[in-house]
Amino acid sequence: LFRPIVTYETACFIEDHGFEAVPVYPGVPEIEGLRKSVKEGRPPPEVTLQVRIAAVAAGLGEMGWSKVFINRKFGPRVRLGTILTDAELEPDPLVKPGTLCNRCLRCVKDCPGGAIPKPGERPTKKIQIEGQTYEWGDVHMGRCTLTHHGLNWEVSPFLKKDAPGLDLDVRHSPMSEETAYKLTYPLAMARWRPSLEFAGSKVMN
């Protein structure tokens with residue numbers, strides 16, 4: 001089941017019933033807007049919706065300490081899709097904070113990149129929705145990106161085979177998320193997008 005196809009077909013279903021529906025590309029939410037807004041006071045067109053926060057607001061679950069979205073039925077094993085529509089839809093009741101994530105901190109212990117902080121190690125992230133406060137750890141996204149996209153020597157079997165000696169100390173790396181993406185995308189023969197931190201998309205300019 002290819003999740004983007006489901007999102008697209010659902011958007012078509014909504015349009016078939018007379019409403020506007022725009023499926024949103026599930027890209028990286030931390031992108032800065034570099035292009036001009038289509039209207040004054042509106043966000044730039046390439047800014048991406050934070051789909052996990054939207055899912056919390058829609059009553060689909062809550063954010064765990066690790067910043068991973070947790071659903072009541074499927075736990076963290078979910079893929080979220082986003083559709084912007086003018087159809088009036090009744091949201092599910094909010095899942096109260098602490099219902100699904102009990103702060104056992106197993107995620108902190110098991111994260112191979114050392115990206116998830118212990119409580120008190122870094123300021124937390126907090127949002128309020130309908131008077132409820134949702135809070136999670138301020139994950140070090142540079143370390144998370146290096147690990148998730150294949151540059152963590154501890155967990156990547158490909159580095160040991162194809163790039164012996166490239167043993168970055170990811171657990172203590174201060175690398176930013178942008179730098180990590182810029183390094184990891186060429187591994188998949190792709191280029192990371194320009195950003196405020198880096199004007200070019202090449203690893204070396």
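The model is predicted: local features need pLDDT of at least 70, side-chain atom pairs count only at pLDDT 80 or more, and totals for chains, interfaces and linings use all residues. Residues are numbered from 1 along each chain as its sequence is written, and side-chain values use heavy atoms, leaving out hydrogens and water.

Start with the loop between α1 (3-16) and β1 (21-24), where glutamate 20 sits. Helices (H or I, at least four residues) and strands (E, at least two) are DSSP runs, numbered from the N terminus. Glutamate 20 is exposed, at 52% relative accessible area. Exposed means over 50%, buried under 20%, and partly exposed in between (1.4 Å probe, protein chains only).

Next comes leucine 34, in the loop between β1 and α2 (51-57). Leucine 34 is partly exposed, at 43%. Beyond its neighbours within four places in sequence, leucine 34 contacts Glu46, Pro194, Ser195 and Leu196. Contact means heavy atoms within 4.5 Å. Valine 139 is 105 residues from leucine 34 along the chain, and their C-alpha atoms are separated by 25 Å.

Two loop residues have a positive phi without being glycine. Lysine 67 has phi near 75°. Lysine 67 lies between β2 (61-63) and β3 (69-71). With 11% relative accessibility, lysine 67 counts as buried. Arginine 103 has phi near 60°. Its loop runs between β4 (82-85) and α3 (106-110). Arginine 103 is partly exposed, at 33% relative accessible area.
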